Every structure is written in structure tokens, then in C-alpha cells.
Amino acid sequence: MRSFFAVYALWIWPSVTWCQKPVPYSRILEAPLKEPGSWLTYSGNYQGHRFSPLQEITTANVHQLRVRWAYQFPLARTEVSPIVADGVMYITAPNQAAALDLRTGRPLWKWERPVPADYQSIGFSRVNRGPAILDDKLFVATLDCYLVALDLATGQQRWAVRVADYKPGYSMTLAPLAVKDKVIVGLSGGEAGIRGFIDAYYAASGKRAWRFYTIPGPGEKGNETWSGDSWKTGGGSTWVTGSYDPSLNLLYWGVGNPGPDWNGDKRLGDNLYTCSFVALDADTGKLRWYFQFTPHDTHDWDATHVPVLIDAEIRGRMRKLVVNPNRNAFYYVLDRETGEFLAGRPYAKQTWAKGLDDRGRPILVPGMDPSEEGTLVWPSLNGATVWFSPSYSPQTKLVYVSTREVGAIYYKREAEYKPGTFFAGGGERRISAKEQWGALRALEATTGKLVWEFRLASPPWAGVLSTAGGLVFSGTNEGNIFALDAQTGKPLWDFQAGGQVSSNPISFEIDGHQHIALAAERVLFVFGL
Amino acid sequence: MGLNWRLGILALPVLLAGQSAHDPVPDIPLGKRIFESQCAVCHGQDGSGGRGPALNRPTLLKAPDDQSLRRAIAEGLPPEMPGAWQLSVREVASVAAYVRSLGSVPVEPLKGDPTRGKLVYQSKGCASCHIIQGQGRAHGPELTAIGAKRNAAFLREAIRNPAAELAEDYLLVEIETRSGQRIRGVRLSEDPFTIQLRDTAQGRFHSFRKNALKDVRRLLSESSMPAYDEASLPAAELEDLVAYLATLRGGPQ
């Protein structure tokens, strides 16, 4: 009888229907331990590690990886990092979302919200980096600045709330972060003279729980770091998903550049909290601490990175840390309870600072600001790394980061604020393509010291995944999707995907077997053994 | 009568500029100021590209004529490029004129004789590596619009000392296989795992996985084009050749 059922179960395998169970906060919190085959939040865990505990794919068998299925996005290049739960993959494109059968990639439902005809992306591409999941809903941030909650089972809209007005230049491209009973989002628009903020909404109702302005208003601490009325158009976008420490109940979020980008003459001062990490109370949005990487930035070096939270010994004492390979080419180690600077060093070529002082503030090289005739500086405006995710492996204790080696000539021009137009004040001219290159670098997590690098032909746009199988996955501009030995950087597998990789890899299980997903251009590939 | 006279005076500068009465007169310095402050964010300060495409070329695929270029600037090119709705008609025309100027080398007075230069081109065997209007062989860059892309000084240097500034996409590489075979050629494509090249000896195409190679050398200071010195190309012939190349601006001959 038993064997009959076994045979019967095998026979009906193709028609098994998945049960789309609710995904409460506790599941997201415990997923790395209890259900490593799911991928329930942007970075895989709240600590921003983009590390998969799965270990079926190893250094010994990774060369056998092959494409299991692919999904073609209807529009342009995708930067999506999918969510995987209960046999379903959830993906997004600008103002679109879909649920895919995890075994085949066939759509279970699709959702779309029209982009208003007068909507414009000022200073960035029309992209979306993924959804968030919580309870019985999927959350999508739209270009025209709505946070939308969809029914997990059908894709039908439960609620939509306007986060900001898109007309002056606000937009949303990020994957929301679901924490406890709230969904947290940030904004794009740092080239349009916005005043940035981070918002939290109740997942059940869509009601706003709190807002944190990244540019303090009059009377608030930090407003004095802006001359005149410059705070009103100070930028400080928040366009990359943050991290969360449940034990401290603190959210960590990166803040973008000040506006206008390349002309700081009319915004004298440090321009808080641009180019900073902020640590916020997850319940109230109150600022606990901040750390500014690039005071009074004039090179567009947003600190919009995924903060990587690790616990490690520093000078003989266990510390709760947040580490960050920053767009400004320095690697930072901070205490995540207090924001105290503990260590830092360059991890890529930079010519703008002699180093960091004992509080982590850059010691500037004079004459590196953009100028009328142009100033050659490393790194370029896209920085030594950008929005795409680094990865931390608790096995190797290394931080893996796609690193860009590019300099640029920076120009300063006049900037006049007109809502809904560029408020940039200049631009750059990159050095010749022949002199640009890149690398996937493995850095010692507590110091930023280089352990190994895998050289790339051009400055990359792809995030990194590390796995418990001892592997690191990423991609190249030339279309390679590849795996390296996490200990040594030795290349072990590669696949030519036929288009630039500018998204973040994830890993999950289909029917108990580990798979890897990574998009190239507008195609999402799923690989398995 | 008086009224007509005034209209005539008003119309004069417009007619002189070769515009219809409804067209604004573009102001290129104004266009440059606007471009550098607002467009350079994506297209690069000199129009050489960035997030957006390079604009310093004679033909813009999405804006082949002045009207479409002005429309692209004013209304944008969905989904990526925002429209500059805040600019006046004259400002849009000025930005368009500036963008056009980026992609086209102005005609300069040259002492050489283009007719003789064409004969130099033929007699020195240039066509065995270059194509003009479909004629010649395709080892080196296509030259049909070279006069609009490069000024005379650049052309002189490129003929006398081709390695000084290598043409885009013509990097010479020398690879050595594990069996010791050496192949020299123009790199066609390269990624961290593979390389594709066309050998200089016979123009054959080769594809390698890098782990099958002992060495890949980038010959950054070499060009596959021979350097034509005073002995092989006297100064007068050089000037004639440059004058001929300067006439090649993409149109039918």
C-alpha cells in the first residue's frame, strides 16, 4: 500500500499545486535556519548578507550547473532580486509584478499599474529591484511613487498608498523591506532636488507609521549643516533597501548624494545626512545614530548600499558591527549600536582623500572638487561600487564586492532648481574605456584588507551571492554568469548569458534541490545541477 | 508701407541664418551651457556618453535630423530619456545645434589637394585595409565619414604614428596557447573567461577559452596599421591624403 502511494505520488508530481502560505515576520526572521530553501527578503536575511546556507552546489560539482528555465521580462534590462516562497518566485519590473511557478517559470499571475504619461525618470533608469513579502501580501514600490500591496495568491491589489508626488522628481525603484508589521521604503530622485526620506507603512492597512527625513528641517539637529535654504532641495535619496537588526530593533539605511550633485557652492556645510548610514528605531523611525562617509560630497557618491551587519571580534572584544565597501572607495567598519568608527581603508583606487582620521572622516586631498575646466578624480561618479549588493559569508568571514576601477574628469556647472528637472550642476567625462577595469574582491570583513581578487574586463554592475557550498556567484558586463571558489577566487564555472548582468543573484530550492537565479539584460536565468 | 519695412528688417537675420520664419536662431554657446549643466549628467560632459548614449558622432540613430533631435530634447525618448519641458523653443534649438556640433568636425581650410590625395590613397594601398563607400578591404576602421569624425591634426598623427591613439575596437593582442602556438590579431571581444580575435596574418577568426591559454598580451603601444614616415609618405603627399580624407563626411561621392 505504501509503495503504491509512493508510485502514485511520483506519477502525479507534475500536477502538484503549491499552497501559498502566509509569510509572517517570524518566517522571514528564521528562514536562514528553518527554511534555507526560501529567499524571503531582499538580501536573503535581515543582516544584508546575501548568503545562502544551501550547500548542495559545491566547489566540486558547480561545473555541472545548467539552465533549468529562463524568464524574459517584457521591457528593458532588469535589476530584479526575486523573492522565493512555497514553490513560487515573485518578481517585479517597473510598475509590474508577477508570480512564477518555481519549477517552470510559467506565470501564475501578473499585475501591472500604468506609468503616468508625464512621468519622467530624472537621473536613473526605469528599473525595479524586487518585491517584499509579508503575511498574505506582496509589496511593490512603483516609479510613480506608490507602495502597492498585492494579494499573494492572485496578484489582486489590496491597497495602494501614495508615498510622494512623482512630478517634482520623486520615484521608487527599490525593493521594500518588510519588518515586523511594517513595510519600509525609500526614494529615488537625488538629481532632481528632492528632500529625501524613509517611510514605514503598516502592512495590514497601508497607513503610514512614520517618516524620517534624511535632510533635517529648521530647528532639527543637522539643519545647520546646510547653508541658507539649501536643505529644501538637498537630495538625500534612499533608493537601496536597508538592513535590520532584530536584537537592537534598529534599521540601517543608506542615504544618497546632496543636491546639486557636483556644485556644492550654495550648500556649504557637511550636508547631513547625505552620503551617510542612518540607524533608525524600527518602531518609531527615530534616529539613533548616523555616520557620514562623505561630508559635503561633490562627486555623487551616494551611500545607498545594503549595510552588512556582522558580529566579530575587534581588538579582543566581540562587537556588533556594520561594514560597508562604499561608493567613495573606502571600506568602513562601524559599531552598529553606536555608529562609532572602528576601522577603514581604501579597497579600490581613489585620489580624493589622503586617508581617514581616527573618527572616520576623510582627510581631503586639496583641489579634488569638480571645476570649470575639469578635475580628474578616482573613483568616477558611479564609484568603486554602487547599488548592487555585496555579500558576506559567515564561513569565510569575507566580504565580497563587485569593484569598479574607473576615474573621471568632474566638471562643475551652474545649477538652477526647477521642480521636475535635473538639479545636478555638472557632470563627468570618464577615462578611456581601455583604462577602465573591474574586479570581484574578497575583503577581510573586520578590516577591508584584500584577500583575493578576480579580475573583470570592465567595471561591473552585478551584485554578489555567497553560499555555504563554498562558492561566490556574480556576473559581468560581457554577459558571463560565473562561480568562484569563495576561499581562493579560483573560477569554477561560467555561462555566457548574452547580455549585461546588472542584478543581484539569489539561491533557493526547487523540490529540495539548490538553484541559483541571476538576470542578464532582460532575462532571468535559473540554474541547477 | 512702414509696416512692411519693419517686417522686412525683422525677418532679415532669420533669413540670413537660413531658417524659416518660425524657427528660432540657435545660440550654440547657450546650448553648450544648458547641455553641460543638465544633459551631461547622462551623456558625459563632452557628449562621449555615460548612462546615456554618446552624442559626439555624425549620425544619431534616434534623432537623424534636426527636427527629431529637437523633439527628443523637448519631449524625451521614453522610457529612459526625460524631456526638457522647461526649456524654451530657442533653448531647445540651441541645445540641438550644440549636440550636432559635437558630432561633426568643422570643415577647416587645408593646404593639400583632395584630388591628388585620392590618388595617394589608391597608390599607397590604403584600400587593402580600409573601406570607403563600400570599396576596399575591412581590416581597419571604415573611413566613409572619417572627415566628419576626425580633424586634420588627428588624421596626420594617425597616419604618421598610428599607435599614438588606437582606434576604438582595434586593440592588438598576442596570445600563446598551452601548446606554444602564438597568434597575433585584433581583439574582437573579450570577457574574463574567453577571447575572440582576428589574426593579422590571414584575417582568420579565432576563439579561445582563457584557461586554454598560457598568456594573453595586450599590445597597447602597437597598431596593426603601418606607420607612414617621411620616406614612405612625403609631407606633400601626406597633406594631400589628409585633405582627401577630410572631404569624406559620410555623404555619397
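Reader: Which residue in the turn between strand 21 of chain A and strand 22 of chain A has a positive phi?

Author: This is a predicted model, where local features need pLDDT of at least 70, side-chain atom pairs count only at pLDDT 80 or more, and totals for chains, interfaces and linings use all residues. Residues are numbered from 1 along each chain as its sequence is written, chains are lettered from A and ligands numbered from 1 in the order in which they are written. The two strands form a hairpin with five residues between them. The turn residue with a positive phi, about 85 degrees, is Gly339(A).

Reader: How many bridges join strand 21 of chain A and strand 22 of chain A, and what is the partner of Leu334(A)?

Author: Strands are DSSP runs of E, at least two residues, and helices are runs of H or I, at least four, numbered from the N terminus. Two strands pair if DSSP finds at least two bridges between them. Residues 330-335 and 341-346 of chain A pair in the antiparallel sense over five bridges. In strand 22 of chain A, the bridge partner of Leu334(A) is Phe341(A).

Reader: How many helices and strands does chain A have?

Author: DSSP runs give the count. Chain A has two helices and 38 strands.

Reader: Why is chain A called as compact as a globular protein of its length?

Author: The radius of gyration is taken over C-alpha atoms, and the globule rule is 2.2 Å times the number of residues to the power 0.38. For 529 residues the rule gives 24 Å. Chain A is as compact as a globular protein of that length because its radius of gyration is close to that, at 22 Å.

Reader: What share of chain A is buried?

Author: A residue is buried if 20 or more other C-beta atoms, placed from the backbone, lie within 10 Å of its own, exposed if 12 or fewer, and partly exposed in between. Of the 529 residues in chain A, the buried share is 57%.

Reader: Which strand of chain A gives the most to the side that touches chain B?

Author: Residues are in contact if their C-beta atoms, placed from the backbone, lie within 7 Å. The contact takes 31 residues from chain A and 21 residues from chain B. Strands 29, 31 and 35 of chain A each supply at least two residues of that side of chain A. With five residues, the one that gives the most is strand 29 of chain A.

Reader: What is the average pLDDT of chain B?

Author: pLDDT is the predictor's confidence in each residue, from 0 to 100. In chain B, 90% of the residues score at least 70, and the average is 85.

Methods. Contact = placed C-beta atoms within 7 Å.
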